[in-house]
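I opened this structure to look up a few things. My notes follow, one topic at a time.

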Amino acid sequence: MAIINQAPSLVQDCNRVIVLQWLLDSDLPGRFSFLTTMLQGHFAEMSMSKHASAIVAKLIQGETK
């Protein structure tokens, strides 16, 4: 939960975003919905960033599976 709570600040840095990628690749139940909730309001900005846009793509792909 600490990672999810810090997601808005983690996603802003190309080195720290790796932690979010790891989280999404894990098998933690509810990770997509928790992370999506924490990042609401940041998706437009994230979509314009090379590293953060990968998180947006993983969230979209993960929620549709």
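I call a residue buried under 20% relative accessible area, exposed over 50%, and partly exposed in between, using a 1.4 Å probe and protein chains only. The model is predicted, so I took local features only at pLDDT of at least 70 and side-chain atom pairs only at pLDDT 80 or more, while totals for chains, interfaces and linings use all residues. Residues are numbered from 1 along each chain as its sequence is written, and side-chain values use heavy atoms, with hydrogens and water left out.

Entry: salt bridge. I searched the whole structure and found one salt bridge (a side-chain nitrogen of Lys or Arg within 4 Å of a carboxyl oxygen of Asp or Glu). Asp 25 pairs with Lys 58, and their closest N and O atoms are 2.9 Å apart. Asp 25 is in helix H3 and Lys 58 in helix H6, so the bridge ties together parts 33 residues apart in sequence. I took helices as DSSP runs (H or I, at least four residues), numbered from the N terminus. Lys 58 is partly exposed at 24% relative accessibility, and Asp 25 is exposed at 57%.

Entry: nonpolar core. I looked up the largest nonpolar core, which has 16 residues. Such a core is a set of buried Ala, Val, Leu, Ile, Met, Phe, Trp, Tyr and Cys residues joined through side-chain atoms within 4.5 Å. Leu 39 is among those with the most contacts inside this core. Leaving out residues up to four places away in sequence, Leu 39 touches Ala 7, Pro 8, Val 11, Met 46, Ile 55 and Leu 59 (contact means heavy atoms within 4.5 Å).

Definitions and conventions: Helix = DSSP H or I, 4+ residues; strand = E, 2+ residues; numbered from the N terminus.
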